[in-house]
Amino acid sequence: MRGGPRLPKDKAELVQKFFRRSYIRVYNVSRKISEAAQAHVWDDGIKPKDAIHVATAVHLGADALETFDKNLIGKSGTAGNPLLLIREPQAAAQGRLDLAGPTENPT
(Lines give C-alpha, C1' and ligand atoms only; values in the text may rest on other atoms or scores of the structure.)
Protein backbone atom coordinates (compact mmCIF):
# COMPACT_ATOMS: atom_id res chain seq x y z
CA MET A 1 0.00 0.00 0.00
CA ARG A 2 1.10 3.52 -0.69
CA GLY A 3 3.39 4.77 2.07
CA GLY A 4 3.58 1.36 3.72
CA PRO A 5 6.40 -1.14 3.79
CA ARG A 6 7.07 -3.01 0.56
CA LEU A 7 5.86 -6.61 0.57
CA PRO A 8 8.65 -9.16 0.52
CA LYS A 9 8.92 -11.41 -2.54
CA ASP A 10 7.97 -14.49 -0.49
CA LYS A 11 4.42 -13.03 -0.24
CA ALA A 12 3.91 -13.10 -4.05
CA GLU A 13 1.84 -16.29 -3.99
CA LEU A 14 -0.38 -14.91 -1.22
CA VAL A 15 -1.06 -11.75 -3.24
CA GLN A 16 -1.78 -13.78 -6.38
CA LYS A 17 -4.24 -15.98 -4.48
CA PHE A 18 -6.01 -12.87 -3.17
CA PHE A 19 -6.61 -11.56 -6.69
CA ARG A 20 -8.08 -14.93 -7.75
CA ARG A 21 -11.02 -14.51 -5.37
CA SER A 22 -14.43 -14.88 -6.99
CA TYR A 23 -15.55 -11.32 -6.25
CA ILE A 24 -12.63 -9.79 -8.15
CA ARG A 25 -13.30 -9.49 -11.88
CA VAL A 26 -10.53 -9.14 -14.45
CA TYR A 27 -11.40 -7.35 -17.68
CA ASN A 28 -9.10 -6.31 -20.52
CA VAL A 29 -8.87 -2.60 -21.25
CA SER A 30 -10.08 -1.72 -24.73
CA ARG A 31 -9.60 1.51 -26.65
CA LYS A 32 -13.21 2.45 -25.80
CA ILE A 33 -12.59 1.97 -22.07
CA SER A 34 -9.27 3.84 -22.15
CA GLU A 35 -10.87 6.80 -23.95
CA ALA A 36 -13.72 6.82 -21.42
CA ALA A 37 -11.12 6.76 -18.62
CA GLN A 38 -9.43 9.78 -20.18
CA ALA A 39 -12.78 11.61 -20.12
CA HIS A 40 -13.24 10.72 -16.43
CA VAL A 41 -9.85 12.26 -15.70
CA TRP A 42 -10.63 15.48 -17.58
CA ASP A 43 -14.35 15.84 -16.84
CA ASP A 44 -14.77 14.24 -13.41
CA GLY A 45 -11.39 14.94 -11.80
CA ILE A 46 -10.69 11.23 -11.23
CA LYS A 47 -7.05 10.17 -11.00
CA PRO A 48 -5.81 8.22 -14.07
CA LYS A 49 -5.24 4.88 -12.28
CA ASP A 50 -8.71 5.12 -10.71
CA ALA A 51 -10.30 6.25 -13.98
CA ILE A 52 -9.50 2.91 -15.63
CA HIS A 53 -11.43 1.11 -12.88
CA VAL A 54 -14.33 3.56 -13.08
CA ALA A 55 -14.51 3.37 -16.89
CA THR A 56 -14.44 -0.44 -16.78
CA ALA A 57 -17.18 -0.58 -14.14
CA VAL A 58 -19.34 1.84 -16.15
CA HIS A 59 -18.69 -0.11 -19.37
CA LEU A 60 -19.77 -3.37 -17.72
CA GLY A 61 -22.87 -1.79 -16.16
CA ALA A 62 -21.76 -2.46 -12.60
CA ASP A 63 -24.09 -1.25 -9.86
CA ALA A 64 -21.18 -0.28 -7.63
CA LEU A 65 -17.40 -0.05 -7.51
CA GLU A 66 -15.97 -0.92 -4.11
CA THR A 67 -12.76 0.57 -2.78
CA PHE A 68 -11.14 1.82 0.42
CA ASP A 69 -9.82 4.90 -1.43
CA LYS A 70 -11.58 7.81 0.30
CA ASN A 71 -10.78 10.23 -2.54
CA LEU A 72 -12.34 7.91 -5.10
CA ILE A 73 -15.37 7.30 -2.88
CA GLY A 74 -15.81 11.08 -2.89
CA LYS A 75 -16.35 10.84 -6.66
CA SER A 76 -19.37 8.54 -6.24
CA GLY A 77 -22.26 9.60 -8.43
CA THR A 78 -20.15 11.68 -10.83
CA ALA A 79 -19.56 9.13 -13.61
CA GLY A 80 -21.70 6.87 -15.75
CA ASN A 81 -25.30 6.74 -16.89
CA PRO A 82 -26.83 5.67 -14.60
CA LEU A 83 -24.37 7.24 -12.18
CA LEU A 84 -21.93 4.76 -10.66
CA LEU A 85 -22.02 4.23 -6.90
CA ILE A 86 -18.50 4.15 -5.46
CA ARG A 87 -18.41 2.88 -1.88
CA GLU A 88 -16.43 0.92 0.68
CA PRO A 89 -16.70 -2.85 0.32
CA GLN A 90 -19.92 -4.25 1.73
CA ALA A 91 -20.11 -7.48 3.68
CA ALA A 92 -21.69 -10.27 1.70
CA ALA A 93 -25.34 -10.84 2.50
CA GLN A 94 -25.80 -14.00 4.46
CA GLY A 95 -28.96 -16.03 4.29
CA ARG A 96 -30.86 -17.26 7.33
CA LEU A 97 -30.66 -20.86 8.40
CA ASP A 98 -34.10 -22.42 8.87
CA LEU A 99 -33.59 -24.66 11.89
CA ALA A 100 -37.23 -25.71 11.96
CA GLY A 101 -36.87 -27.54 8.66
CA PRO A 102 -39.39 -27.63 5.84
CA THR A 103 -43.01 -27.22 6.76
CA GLU A 104 -45.37 -29.97 5.83
CA ASN A 105 -48.36 -29.12 3.71
CA PRO A 106 -51.31 -31.16 4.94
CA THR A 107 -53.73 -32.17 2.19
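**Salt bridges and exposure**

Author: Start with Glu-88. This is a predicted model. Glu-88 has a relative accessibility of 32%, so it counts as partly exposed.

Reader: Which side chain does Glu-88 meet in a salt bridge?

Author: A salt bridge needs a side-chain nitrogen of Lys or Arg within 4 Å of a carboxyl oxygen of Asp or Glu. Here Lys-70 and Glu-88 pair up, at 2.3 Å from N to O. Lys-70 sits in helix α4 (residues 70-73) and Glu-88 in the segment after β2, so the pair ties together parts 18 residues apart in sequence.

Reader: Is Lys-70 buried or exposed?

Author: Exposed means over 50% relative accessible area. Lys-70 has 57% relative accessibility, so it counts as exposed.

Reader: How many salt bridges does a search of the whole structure find?

Author: Two. Arg-87 and Glu-66 also meet through their side chains, at 3.0 Å from N to O. Arg-87 belongs to strand β2 (residues 85-87) and Glu-66 to strand β1 (residues 64-66), so this pair ties together parts 21 residues apart in sequence. Arg-87 is partly exposed, at 29% relative accessibility. Glu-66 is partly exposed too, at 35%.

Reader: Now a loop residue. Where is the place of Ile-24?

Author: Look between α1 (12-18) and α2 (31-44); Ile-24 is in that loop.

Reader: Why is Ile-24 partly exposed rather than buried?

Author: Buried means under 20% relative accessible area. Ile-24 has 23%, so it is partly exposed. Leaving out residues up to four places away in sequence, Ile-24 touches Phe-18 and Phe-19.

How values were computed. Residues numbered from 1 in each chain as written. Predicted model: local features only at pLDDT ≥ 70, side-chain atom pairs only at ≥ 80, totals over all residues. Heavy atoms only, no water. Helix = DSSP H or I, 4+ residues; strand = E, 2+ residues; numbered from the N terminus. Buried < 20%, exposed > 50% of the residue type's maximum accessible area, 1.4 Å probe, protein only. Contact = heavy atoms within 4.5 Å.
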